[in-house]
Amino acid sequence: MSSHSPAVEAARRRTFAIISHPDAGKTTLTENLLLAGGAIRAAGQVRARGENRRTRSDWMKIERERGISVSASVMTFDHDGLMFNLLDTPGHEDFSEDTYRTLTAADAAVMVLDAAKGIEPQTLKLFEVCRLRDIPIVTFINKMDREAQDPFALLDEIASKLALDPAPLYWPAGSGGRFKGMLDLRREQFLPFAKGSHEGHPAPVALKSNAIVTHLDPDEQGELEEGAMLVQEAAKPFDPQSFLEGHMTPVFFGSALRHFGVEQLLEGLGAYAPAPKPVAALRAGEETHIAPGEKEVTGFVFKVQANMDPNHRDRIAFLKLCSGRFSRGMKLKVQNTGRQLSVNAPVMFFASDRELAEDAFAGDVIGIPNHGVLRVGDSLSESGQVRFAGLPNFAPEILQRVRVKDPLKAKHLKKALEGLAEEGVTQLFRPHIGADFIVGAVGQLQFEVMADRLANEYALEVIFEASPFAEARWLAGDKADVEDFMGKHRTALAADIDDQPVFLAKSAWEIGYVSERFPKVRFERTKERA
Ligand code: G4P
């Protein structure tokens, strides 16, 4: 049990997520960060091949193959006096609204780019969610041991596509077969890369020392020095404040697979990534900010996961703590329902072992097993008086029509769909015209989860059909303008679960078209839930 105050404990938390496009190296980097953090002893066995590659969660794969318990949601490790909480952002086939919601629980994000590919579509989408929540971004340019794009081009891409100032803290010497290492721009030290090594790389040498010749030939050295000089002239110097405000990203280079540059990244996270901040909330109806050091234990549920064991009907709700010292056995109240629960068996996720949490602080995530009492977006606190802003909904990217096989059960279906939408499994849209329901998701997995739960919990067999719509946007603006638009687009309107008006479009192009014609109406990609 920790003897420090909540404020001191919160200040040493670093809670972050990794965002990337599939195959950029998130799994490999996760494993190597755990290695760098001392949470595991060896890396290199996580990558599954063949059959195993189709495993649902990258982390489940890690869990199975390494025999460690990660429960696919958060890994905690203590390193250098800091507590790191690494949140999983499910990708690949696992991509779902949970991926976005997890980011709402992160205090910082590491954006992993494949050095050969730069910014890819899913990186961009996840980045936009981070920006929406003002989450500072650390960039890790991975796979330098492979033929990479020109590092200047990569920085330009960050600047132009993300409107972020890239501030490299290191500068690479070559790439691929000619990758020699990187220069620490702050310390003028060269970090040599040993080809073929998975972990052991030579100790850093001063750039101006004679020892540099063992690692770089004169041409390579000249090129590195010139590149470093140019980039320091061209790029703004790293400004921690600008990073925290979301305008600047410190850039690291490396090879997750070869365990190169990973320690530097972890050190950078420790030094610059923020500890949990005060969070805006309503307390007994009054607007306020809840500081991490406050005495009262508060937090919000950002994800609910069905038990991985299909014989168990219970779920685990993941609670991001915002303040206080949580201790096991404590009673917490759900703000919106007033229900009280005794948290007797909270789960904390240490990379080395799954343990019962004895205590936890702001920044930490605890898993609370329950039978469906807790929902995504719920606020929990000792008094039951604290309410954090709800989690946003994100415009779905897949829209499908859903029907029940037995037409006599149509009423039943409506109730079930509403229940699942309230829980945040999928989104529900009722078109103004016509009787079909349209369900929306950001990832295919959400439909599978939904079909599964409809079958198991509601005994409903459903059929998904293609819907004519491809995009959904929430309408906002002055009432008269919105009504004018709605009057002219009746066949493309729907109501969401909260009866908010939604425009359903057949394509992204159509959204561009209508927004030009109705400039006073806003077509929003997210909706903050009250
Ligand atoms: P993801 O979770 O973001 O999808 O990426 P993951 O870590 O699974 O990595 C995707 C592929 O990229 C893997 O290769 C992995 O070994 C490789 N990789 C990751 N980091 C690096 C790096 O720094 N350098 C190089 N050269 N490769 C890297 P794969 O061929 O798909 O799998 P495997 O069969 O090699 O295990």
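Here are legends for a few close-up views of this predicted model.

The model is predicted, so local features need pLDDT of at least 70 and side-chain atom pairs count only at pLDDT 80 or more, while totals for chains, interfaces and linings use all residues. Residues are numbered from 1 along each chain as its sequence is written, and side-chain values use heavy atoms, with hydrogens and water left out.

View 1. Helices (H or I, at least four residues) and strands (E, at least two) are DSSP runs, numbered from the N terminus. Of the 530 residues, 56% are buried, meaning under 20% relative accessible area with a 1.4 Å probe, protein chains only (exposed is over 50%, partly exposed in between).

**View 2. The largest nonpolar core has 112 residues.** A nonpolar core is a set of buried Ala, Val, Leu, Ile, Met, Phe, Trp, Tyr and Cys residues joined through side-chain atoms within 4.5 Å. Look for F16, L29, L33, V110, L265 and F326, the ones with the most contacts inside this core. At least three of its residues come from each of domain 1 (16-272) and domain 2 (279-388); those bounds come from an automatic or database domain assignment. There's also a second, separate core of 18 residues, which includes A421, F437, F447 and M450.

**View 3. Zoom in on L265 and its contacts.** Contact means heavy atoms within 4.5 Å. Skip the neighbours within four places in sequence, and L265 touches L29, L33, V110, V138, F140 and F252.

**View 4. Seven strands make an open sheet.** Follow the order β2-β3-β1-β4-β5-β11-β6, where the pairing is mixed. Two strands pair if DSSP finds at least two bridges between them. At the edges sit β2 (74-79) and β6 (165-168), each pairing on one side only. From one strand to the next, the twist averages 30°. Inside the sheet, β1 (13-20) and β4 (108-114) run parallel over five bridges, and I19 has M111 as its bridge partner in β4. Helix α5 (121-132) lies across β1, β4 and β5 (137-142), at about 145° to β1. Axes are lines fitted to C-alpha atoms, for helices over the stretch in contact, and angles run from 0 to 180 degrees between N-to-C directions.

**View 5. Three strands form another open sheet, β13-β12-β24.** The pairing here is antiparallel. Its edge strands are β13 (286-290) and β24 (386-388), and the twist averages 40° from one strand to the next. Five bridges join β12 (279-283) to β13. Spot V279 standing opposite I290 in β13.
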